[in-house]
Amino acid sequence: FNIEQELNTFFEKKIPYYKQRYSGVGAPAAYIPELKNTNPDYLACALMFPDGQVILKGDYAVPFTLQSIAKVFIFMTACMHLGTSRVLEWVDVEPTGDPFNSILRFELNENKKPFNPMINAGAITVASLLPGTDSTEKIEKVKLLLSAILDKDVSINEKIFISEWETAYRNRALANFLMENHLLAADVEETLLTYTKLCSIEITAEDLAKIGLVLSIDGFDPIRRIEVIPSSIARFTKILMFTCGMYNYSGKFAAYVGIPGKSGVSGGILGTVPPSFRNHPILSDGCGIGIFSPAIDPCGNSVKGIKLLEDFLHSYSVQIF
Ligand code: GLN
């Protein structure tokens, strides 16, 4: 049984199928003007295994921005510097059925905190906690974590950053509301700058697969054999991804796709398969998954990306419970 051949065959069949089947369904995010210019038909999948094996399929060379996936690194970086319990004094860990950028219920729960770090309100609060005197220093801390995981430098897509910055009316309102409620530890505009720039960091599906692999082994990089994220923080982050990572689709994603995931409005999905499958022919050691397809659904998740991921995990009977 040749795993590589098996997976190559699977994705070479499925990627053209999903491209065609969901062509014209959903659209690239329009509220960030620059994202509108992306080709909606891109579909990429990257898998990375603990033995270093990598599967790259479809439009895997096309870079895209983290968008909401940045929330994962904002949270982990804050926890690494402040300790998780101090971060959780500012933000809760409760899923919300509301959209990611909701302002409807002012996004504070009964404890007067943002619901969780995986939605905009929570991530903006956590971004304000990052160590540093200004946004440049705060951004640097998060970039350092990403570079440690990926073993390379990461950079910000300035065009996309500026496009979002100039139209960030909703996030600006959220940040001001948070400040009014004593839920920002730094200046409103500096915090927004930190958050928005981090959302504009450019990565590829392969990068996401690498991150997913490291998360799957609780922060350990099996290839370099070093810990890049403290294990307790990596584990906690996976819980947040599982319960809150896909906006107001998180419950359905957990039920029907069934792994910790985090999506961004750029069409990226970070997935992590923990190494827990007894005698599973392919995935017993776990893997990291990176998906990219820019047409998103009303919840903000990649249309083709979710379908492909669901099909892959079901076809190979991946169940984490
Ligand atoms: N930068 C985006 C925003 O704040 C990220 C949102 C997302 O990917 N859901 O609106």
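This is a predicted model: local features need pLDDT of at least 70, side-chain atom pairs count only at pLDDT 80 or more; totals for chains, interfaces and linings use all residues.
Helix 4 contributes Ala123, Ile124, Ala127 and Ser128 to the contact. Helix 8 contributes Thr191, Thr194 and Tyr195. By class, four residues of this contact are nonpolar and three are polar. None is charged.

The axes of helix 2 (residues 70-82) and helix 5 (residues 135-150) cross at roughly 100°. They come within 9 Å. Because that angle falls in the range from 65 to 115 degrees, helix 2 and helix 5 are likewise roughly perpendicular to each other. On the helix 2 side, the contact is made by Phe73, Ile74, Met76, Thr77, Met80 and His81. Lys141, Val142, Leu145 and Leu146 face them from helix 5. Seven residues of this contact are nonpolar, two are polar and one is charged.

The chain as a whole is divided into two domains. Domain 1 covers 3-65 + 203-315, and domain 2 covers 67-199. Their C-alpha centres lie 22 Å apart. Across the boundary, 34 residues of domain 1 are in contact with 30 residues of domain 2. On the domain 1 side, the elements that give two or more residues are helix 9 (205-216), helix 10 (231-244), strand 7 and strand 8. Helix 10 gives the most, with seven residues. The domain 1 side comprises 18 nonpolar, eleven polar and five charged residues.

The ligand has a shell drawn from both domains. Domain 1 and domain 2 each supply at least three residues to this shell. The surrounding residues are Gln67, Ser68, Phe100, Asn101, Asn120, Glu164, Asn171, Cys199, Gly264, Val265 and Gly300. By class, seven residues of the shell are polar, three are nonpolar and one is charged.

Strand pairing was then considered. Strands of a sheet pair through backbone hydrogen bonds, in either a parallel or an antiparallel sense. Here, five strands form an open sheet in the order 2-1-9-8-7, with antiparallel pairing. Strand 2 and strand 7 (261-263) are the edge strands. Each of these two pairs on one side only. On average, neighbouring strands of the sheet are turned by 10° against each other, direction ignored.

Two pairings within the sheet can be described in detail. Strand 1 (residues 44-48) runs antiparallel to strand 2 (residues 54-58), and five bridges join them. Met48 of strand 1 stands opposite Val54 in strand 2. The two strands form a hairpin, with five residues between them. Gly52 lies in the turn and has a positive phi of about 95°. Strand 8 (residues 268-273) pairs with strand 9 (residues 287-292) over six bridges, also in the antiparallel sense. In this pair, Val273 stands opposite Cys287 in strand 9.

Notes: Residues are numbered from 1 along each chain as its sequence is written. A residue is near a molecule or strand if its C-beta atom, placed from the backbone, lies within 6 Å of it. Ala, Val, Leu, Ile, Met, Phe, Trp, Tyr, Cys and Pro count as nonpolar, Asp, Glu, Lys and Arg as charged, and the others, Gly among them, as polar. Domain bounds come from an automatic or database domain assignment. Two strands pair if DSSP finds at least two bridges between them. Helices (H or I, at least four residues) and strands (E, at least two) are DSSP runs, numbered from the N terminus. Axes are lines fitted to C-alpha atoms, for helices over the stretch in contact, and angles run from 0 to 180 degrees between N-to-C directions. Two residues are in contact if their C-beta atoms, placed from the backbone, lie within 7 Å. Angles under 35 degrees count as roughly parallel, over 145 as roughly antiparallel, 65 to 115 as roughly perpendicular and the rest as oblique.
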